[in-house]
Amino acid sequence: MGLTKKAAYAVGMIRKHGLRGLAIKVMETKYEPIDHEYTKNWQNYMVTKEEWKVQRNTLFEHMPLVSVVVPLYETPECFLRELIEGMLGQSYENWELCLADGSPTDKIERFLAENYKEDARIRYRRLLENGGISENTNEAVAMAMGEYIGLLDHDDVLAANALYEVVRMLNAHPDAQVIYSDEDKIDAESGIHSRPHFKTDYNPELLMHYNYICHFLVVKKTMLEKVGDFNPCYDGAQDYELVLRLTEQTDAIYHIRKILYHWRIHSGSTAGSSLSKDYAYDAGKRALEAYVQRRKIPAEIKEAQGHNSYEVIYEQEVPEPELINLAEIKEKDALNELVENSTREYLFIYDSRRTRLLGERERKELAQYACLNKVGLTGVRFKKHRKLVSAGIGVLPDGKMGYLFEKLPVCFKGYFNRAVLPQNVSAVPLEQCIIKKEAYLKAGGIALDKEPLERAIDFAGRLQKAGYQIMLDAKLTAVYKG
């Protein structure tokens with residue numbers, strides 16, 4: 001990168017984040033252990049030759065045709081060759097590649113004819129004109145004959161086991177309508193893999209803040225036909241707009257916890273271009289605004305500093321909750337009796353022995369999430385001094401349940417902003433939270449005889465079995481005493 005480009009990049013970053021925000025971003029990136037470990041050992045996350053051979057010989061009960069669709073436009077030959085070779089190297093063989101080319105020249109057509117005309121699975125259509133990414137993708141989808149549609153950008157690459165893992169998931173969950181995987185970035189010049197995105201399972205609230213689903217996205221063709229084509233009004237964030245429409249029609253959305261998609265970093269991609277990101281960010285904001293209007297969700301969508309996510313401001317009338325201090329209650333039966341006798345729809349649970357009570361304004365903000373459909377419990381982050389104690393409770397790298405982002409500096413945003421964004425979580429600490437009364441009663445109450453972490457996990461598990469979601473409002477931070 002030349003000095004002029006570096007200067008322009010620095011100015012753009014300061015404009016987005018501010019000087020303090022930029023300094024924090026640089027520090028957090030520097031010390032992100034997941035990224036550093038992955039960049040050093042990314043080969044360990046790829047399928048081995050032995051695994052690939054086993055996969056190639058695997059016969060599933062259901063082996064559907066998967067159509068991978070790609071909109072082309074003056075795609076560099078080196079990128080297109082790598083994309084196609086990646087398809088030819090798939091360990092699952094029942095696929096077709098549908099290429100819709102909006103280029104003004106016949107360069108791509110000639111390249112394909114010279115190199116890949118023998119493989120009938122590679123299907124090509126030269127478009128009369130370039131309609132943009134959404135229209136060109138729609139043309140590629142129209143070519144598809146598969147039961148499932150996989151979306152692939154023309155400058156990216158699928159992992160060799162991508163389609164195998166998709167079909168394995170489909171056999172494990174025949175109801176699946178939408179499937180997505182983890183992904184990483186690949187440098188166009190060096191070929192080095194970096195910045196892995198190990199995603200959460202389907203997380204409706206997090207999706208309201210950014211398109212964490214992204215790549216590799218596979219949709220059942222009948223579902224795609226139901227929700228309709230890509231909308232060119234949202235070019236730049238057309239995949240985000242589609243995903244939002246899909247969530248309106250189905251909850252059968254499954255996550256493959258493996259990196260199956262390599263998003264190429266180069267000057268013209270949204271993986272590497274600040275200008276492309278601004279363009280995509282604006283389109284995504286409009287898509288989200290249209291989504292909340294269709295769903296009649298009382299919320300305002302605002303830009304968030306840094307343009308890495310959106311801020312969602314809920315605007316609901318919230319009933320005053322019953323304030324319950326666990327420090328004043330010794331037994332579960334006494335707590336249950338207090339809840340049963342309450343005339344309030346919501347309960348604000350806190351423990352004055354351990355934490356400082358949130359202010360009235362913060363409690364009202366927290367109640368906004370409690371009012372959402374299907375939400376039974378909403379909690380906050382906790383800090384002690386300048387470090388987080390928790391930003392929700394979930395599965396830690398060692399496989400055990402524990403406090404997420406424990407000891408992370410409070411000013412850091414965490415992995416893919418997940419320490420600061422509202423989201424669905426497995427559990428939250430119960431020292432400051434708001435609970436629907438009906439959810440509390442259906443779950444059978446809080447076990448006061450358990451330790452705080454075990455108590456929170458136990459109660460959340462029973463809530464989820466009763467059909468309720470657990471929410472973390474990571475914009476709010478309560479303070480532990482001491």
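1. Helices (H or I, at least four residues) and strands (E, at least two) are DSSP runs, numbered from the N terminus. In helix H11, Glu 289 and Lys 285 lie four residues apart, about one turn of the helix. This is a predicted model, in which local features need pLDDT of at least 70 and side-chain atom pairs count only at pLDDT 80 or more, while totals for chains, interfaces and linings use all residues. Residues are numbered from 1 along each chain as its sequence is written, and side-chain values use heavy atoms, with hydrogens and water left out.

2. Glu 289 and Lys 285 form a salt bridge, the closest N and O atoms being 2.7 Å apart, where a salt bridge is a side-chain nitrogen of Lys or Arg within 4 Å of a carboxyl oxygen of Asp or Glu. Burial is judged by relative accessible area: buried means under 20%, exposed over 50%, and partly exposed in between (1.4 Å probe, protein chains only). Lys 285 counts as buried because its relative accessibility is 17%, whereas Glu 289, at 25%, is partly exposed.

3. Helix H11 (residues 274-294) also holds Arg 286 and Asp 282, again four residues apart, and their side chains meet in a salt bridge with an N to O distance of 3.4 Å. Both partners are partly exposed, Arg 286 with a relative accessible area of 33% and Asp 282 with one of 40%.

4. The structure holds 25 salt bridges, and one of them joins the side chains of Lys 374 and Asp 251 at 3.6 Å, N to O. This pair links distant parts of the chain, 123 residues apart, with Lys 374 in the loop between helix H13 (360-370) and strand E14 (375-384) and Asp 251 in the loop between helix H10 (238-249) and strand E9 (253-265). Lys 374 is partly exposed at 42%, while Asp 251 is exposed at 53%.

5. A nonpolar core is a set of buried Ala, Val, Leu, Ile, Met, Phe, Trp, Tyr and Cys residues joined through side-chain atoms within 4.5 Å. The largest such core has 50 residues, of which Val 69, Leu 217 and Leu 288 touch the most other members; H11 gives the most to this core, with seven residues. A second, separate core of 39 residues includes Tyr 92, Leu 158, Leu 163 and Cys 214.

6. Contact means heavy atoms within 4.5 Å. Leaving aside residues up to four places away in sequence, Leu 288 touches Met 208, Tyr 240, Leu 244, Ile 301 and Tyr 310.

7. Rings of Phe, Tyr and Trp (its six-membered ring) pair if their centres lie within 6.5 Å, and planes under 30 degrees apart count as stacked, over 60 as edge-to-face and the rest as tilted. The count comes to 13 aromatic pairs. Among them, Tyr 38 and Phe 198 are edge-to-face, 6.2 Å centre to centre with 80° between the planes. Tyr 38 lies in helix H2 (residues 33-41) and Phe 198 in the loop between strand E7 (193-197) and helix H8 (204-207), so this pair ties together parts that are 160 residues apart in sequence. Tyr 38 is buried at 0%, and Phe 198 is partly exposed at 24%.
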